[in-house]
Amino acid sequence: MASIFSKIINGEIPCYKIAEDEDYFSFLDINPIAEGHTLVIPKKEVDYVFDLPDETLHGLISFSKKIARGIDSALGTIRTGVIVEGLEVPHAHIHLIPIYFEGQPVSLGRKSEIQESRMKEIASLISKAVEL
Ligand code: AMP
């Protein structure tokens with residue numbers, strides 16, 4: 001069965017899309033730990049990130065860098081952090097976490113709700129700032 005992220009890629013489930021190219025896709029995490037918390041995934045569905053072929057893993061990192069640059073520029077972060085966990089959704093993904101101040105808690109356990117209108121706004125801001 002296709003993962004929830006494959007369904008997002010295929011447009012069967014809505015998302016706050018940031019960007020995509022032929023091999024990678026990026027969208028806001030629905031339960032963000034900070035405004036602009038973004039997921040980056042390979043379109044090829046593989047559960048464990050370190051089971052990805054080297055070429056796909058390298059491409060995932062390069063694509064994530066472009067998205068992180070967009071986050072930094074759009075949201076005025078001090079930098080963007082990276083978390084890879086993958087215990088909830090069996091489709092390899094990288095969490096990009098905007099960091100706005102030193103000491104900001106960065107842990108996947110601390111999720112918050114952000115209004116739909118603000119999520120749309122954030123996705124649009126990041127999307128416009130990303131240079132693929
Ligand atoms: P993990 O597998 O633990 O690295 O985390 C999976 C992440 O996917 C969690 O942070 C979820 O909030 C997020 N997530 C699950 N379903 C969706 C969805 N439909 N749209 C966006 N993010 C999602």
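Student: Which residues are closest to the ligand?
Tutor: Asp29, Glu85, His93, His95 and Lys111 are the closest. The ligand is surrounded by 17 residues in this predicted model.

Student: What's the make-up of that shell by class?
Tutor: Nine residues are nonpolar, four are polar and four are charged.

Student: And which element gives the most to the shell?
Tutor: Helix α1 does, with three residues. Both α1, spanning 4-9, and β2, spanning 24-28, supply at least two residues each.

Student: What does Val89 use, backbone or side chain?
Tutor: Backbone: a polar backbone atom of Val89 lies 3.0 Å from an oxygen atom of the ligand.

Student: How much of the ligand does the protein bury?
Tutor: The protein buries 92% of the 510 Å² that the ligand exposes when taken alone.

Student: Which pocket is that?
Tutor: The largest pocket is the space that the ligand takes.

Student: Switching topic: how many aromatic pairs are there?
Tutor: The count is four aromatic pairs. One of them is formed by Phe5 and Phe27.

Student: What's the geometry of Phe5 and Phe27?
Tutor: Edge-to-face, with 5.3 Å centre to centre and 75° between the planes.

Student: Where do the two sit in the fold?
Tutor: Phe5 is in helix α1 and Phe27 is in strand β2, so the pair ties together parts 22 residues apart in sequence.

How values were computed. Residues numbered from 1 in each chain as written. Predicted model: local features only at pLDDT ≥ 70, side-chain atom pairs only at ≥ 80, totals over all residues. Heavy atoms only, no water. Near = heavy atom within 4 Å. Polar contact = N/O pair within 3.5 Å; in protein donor to acceptor, adjacent residues only side chain to side chain. Areas by Shrake-Rupley, 256 points an atom, 1.4 Å probe, with all protein chains shown as cover. 1 Å grid on protein atoms, 1.4 Å probe; cavity = no way out; pocket = protein on both sides within 12 Å on 5 of 7 lines; lining within 4 Å. Sits in = over half its atoms within 2 Å of the grid points. Helix = DSSP H or I, 4+ residues; strand = E, 2+ residues; numbered from the N terminus. Nonpolar A, V, L, I, M, F, W, Y, C, P; charged D, E, K, R; others polar. Phe/Tyr/Trp six-rings, centres within 6.5 Å; stacked < 30°, edge-to-face > 60°.
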